[in-house]
Amino acid sequence: VRDAEVGRACARALRDDGRAETSVLSSFHPAALWSARASAGVPRGTLFEAGAGWRVALAAGIATGVESIHPPRDLVTPARVAAWHRMGKRVFVWTVD
């Protein structure tokens, strides 16, 4: 999900379709995550890429109040996963096929 309007529309569609509890709306874009926040009951997750700014991107996503963190496989370590779990976040790892 890229922008605020699309974030709202996706969250609304998931909720209206009865899929909010079995889905996670995820995005690399904090604005989309923030706008989807208003759709109560739709879990959200922040995606971010490895690279020089990954900590800033992660912090921006967390600031939107997401329920889960979606790191790329290259950034996953036992210590990081443990830290994210201590924050109360679920962790879903992604990789490029």
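This is a short tour of a predicted model, stop by stop.

**Before you select anything.** Numbering starts at 1 along each chain as its sequence is written, and side-chain values use heavy atoms, with hydrogens and water left out. Because the model is predicted, local features need pLDDT of at least 70 and side-chain atom pairs count only at pLDDT 80 or more, while totals for chains, interfaces and linings use all residues.

**Stop 1: the sheet.** Show the strands. Strands (E, at least two residues) and helices (H or I, at least four) are DSSP runs, numbered from the N terminus. Here 4 strands form an open sheet in the order β1-β2-β3-β4, with parallel pairing. Its edges are β1 (25-27) and β4 (90-91), each pairing on one side only. Two strands pair if DSSP finds at least two bridges between them. Now select β2 (residues 44-47): its parallel pairing with β3 runs over 3 bridges. Pick leucine 47; its bridge partner in β3 is histidine 70.

**Stop 2: serine 68.** Select serine 68, in strand β3 (residues 68-70). Is it buried or exposed? Serine 68 counts as buried because its relative accessibility is 3%. The cut-offs: buried is under 20% relative accessible area, exposed is over 50%, and partly exposed lies in between (1.4 Å probe, protein chains only).

Show its side chain. A polar contact of 2.7 Å links it to the side chain of histidine 70. Such a contact is a pair of N or O atoms within 3.5 Å; within protein, one must be able to donate a hydrogen and the other to accept it, and residues adjacent in sequence count only if both atoms are side-chain atoms.

Leaving out residues up to four places away in sequence, serine 68 touches Val24, Arg44, Gly45, Thr46, Lys89, Arg90 and Phe92.

**Stop 3: methionine 87.** Go to the loop between α4 (78-86) and β4, where methionine 87 sits. Its relative accessibility is 43%, so methionine 87 counts as partly exposed. Draw a C-alpha distance to glutamate 67: it reads 9.7 Å, for residues 20 apart along the chain.

**Stop 4: helix α1.** Select residues 4-16. Helix α1 has 13 residues and reaches 18 Å from first C-alpha to last, close to the 18 Å expected at 1.5 Å a residue. That expectation is 1.5 Å times one less than the number of residues.

Highlight Gly7, Ala11 and Leu14, which are buried in α1. They lie on the same side of α1, because they cover an arc of only 65° around the axis. The arc is taken from the directions from the helix axis to the C-beta atoms. Among what covers the buried residues of α1 are β1 and α2 (30-36).

Definitions and conventions
Contact = heavy atoms within 4.5 Å.
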